[in-house]
Amino acid sequence: MENYKNLGFKVQDTNGNYISYYKDGKWDEGKIQKEDTITISAFSTALHYGQQAFEGLKAFRTKEGKIHIFRPDENAKRLQRSCEKILMPKISEEKFLDAIKQVVKANEDLIPPYGHGASLYLRPYVIGVGRNLGVKPAPEYIFGVLCSPVGSYFKGGLEPVKFTVTDRDRAAPNGTGDVKVGGNYAASLLSHQKAVEQGYADCIYLDPLTHTKIDEVGAANFFAITKDNKFVTPVSSSILPSITKKSLIHIAQNYLDMEVEIRDANINNLDEFKEAGACGTAAAITPIGRIDYHGNKHVFYSETEVGPITKKLYDTLTGIYYGDVKAPDGWIMVIE
Ligand code: PLP
Ligand code: COI
């Protein structure tokens with residue numbers, strides 16, 4: 001695995017993954033297993049009724065060779081909210097962090113070295129398992145953490161990419177869009193495939209109620225910079241509350257001295273923005289070069305170059321990831 005630049009975002013062989021079982025109302029100790037296979041009843045609710053949730057976070061190698069995990073406590077809390085919403089037993093923050101540590105330690109040699117923009121992606125998941133037929137919560141559960149070394153999610157890292165806007169929805173106004181459950185992603189597959197077939201990186205989802213405001217950029221949140229240098233990002237009941245976005249709000253205010261507006265971004269008023277981007281764990285920050293909507297091609301800063309403010313946000317965020325920029329207290333879990 002020498003060519004870190006071309007790692008992309010896919011499954012690579014690893015040394016092992018974590019697995020823990022929930023039976024009779026409690027979680028077992030959990031352990032590291034080698035194979036990334038599990039044996040479950042084909043009647044499991046995860047397979048039929050989408051009773052499952054997942055997370056995504058990353059481990060980074062610093063210049064000094066330390067291992068940094070970015071805000072894992074936030075992922076633990078979001079997984080608890082996801083579990084709560086679809087009636088799965090919660091994982092305590094302590095158990096979640098212990099599982100992350102065990103997986104990172106078991107795969108320490110697979111964390112890409114500093115300086116390649118690569119990392120070890122961690123994929124916690126919770127699934128409902130056991131023999132069940134009716135639409136009701138599963139009798140048993142599995143909590144696991146998988147991992148894979150990854151590079152850029154969208155091609156090119158900091159190279160701007162173009163997005164189309166879909167007329168379909170990934171989530172409902174009072175549905176599950178604000179938690180990280182598989183059904184939202186199943187609902188996005190067709191729109192994603194159609195966007196890619198047409199030469200786009202992915203598609204933008206509008207708010208499902210009025211179809212006028214930007215909700216999500218594929219599997220990432222949206223942010224934009226106004227002509228007077230304000231950082232704008234929307235929040236709604238159908239948007240997944242991104243930990244990267246929450247971090248960028250803090251970075252914009254406290255590191256770059258920018259004003260932040262948490263408000264809607266109307267798809268018919270993109271002219272108010274001079275830069276725009278997608279943000280998320282997998283995507284980090286990906287500049288949006290162009291959005292095509294109903295025949296209108298809207299170019300932001302440039303279709304080929306990242307804008308200066310997006311670049312500053314990216315440099316600060318990735319600087320914090322890799323230990324080159326001082327992180328706010330509590331953002332980094334260091335694994336010795
Ligand atoms: N929106 C969706 C739909 C996602 O799947 C993700 C990825 O986790 C995000 C946004 C970004 O969230 P985060 O920054 O917490 O990774
Ligand atoms: C992430 O950014 O961690 C994601 O989960 C996005 C996508 C790969 C589902």
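This is a predicted model: local features need pLDDT of at least 70, side-chain atom pairs count only at pLDDT 80 or more; totals for chains, interfaces and linings use all residues.

Modeller: The protein has 7 helices and 18 strands, and β15 is the strand covering residues 273–280. As for the overall build, a compact globule of 336 residues would have a radius of gyration near 20 Å, and the protein has 20 Å, so the two agree. The C-alpha atoms fill a box of roughly 55 × 50 × 35 Å along the principal axes. Of the 336 residues, 54% are buried.

Now for β15 itself: is the strand enclosed or open? Buried here means under 20% relative accessible area. By that cut-off, 7 of the 8 residues of β15 are buried, so the strand is largely enclosed by the rest of the structure.

Next, who are its partners? One is strand β12, residues 220–226, which pairs with β15 in the antiparallel sense over 6 bridges. Within that pairing, I225 stands opposite E275 of β15. Another partner is strand β16, residues 284–293, which also runs antiparallel to β15 and is joined to it by 4 bridges. There, C279 has I285 in β16 as its bridge partner. β15 and β16 make a hairpin, with 3 residues between them.

If you follow the side chains along the strand, here's a handy rule: in a regular strand they alternate between the two faces of the sheet.

Terms used: Residues are numbered from 1 along each chain as its sequence is written. Chains are lettered from A and ligands numbered from 1 in the order in which they are written. Side-chain values use heavy atoms; hydrogens and water are left out. Helices (H or I, at least four residues) and strands (E, at least two) are DSSP runs, numbered from the N terminus. The radius of gyration is taken over C-alpha atoms; the globule rule is 2.2 Å times the number of residues to the power 0.38. Buried means under 20% relative accessible area, exposed over 50%, partly exposed in between (1.4 Å probe, protein chains only). Two strands pair if DSSP finds at least two bridges between them.
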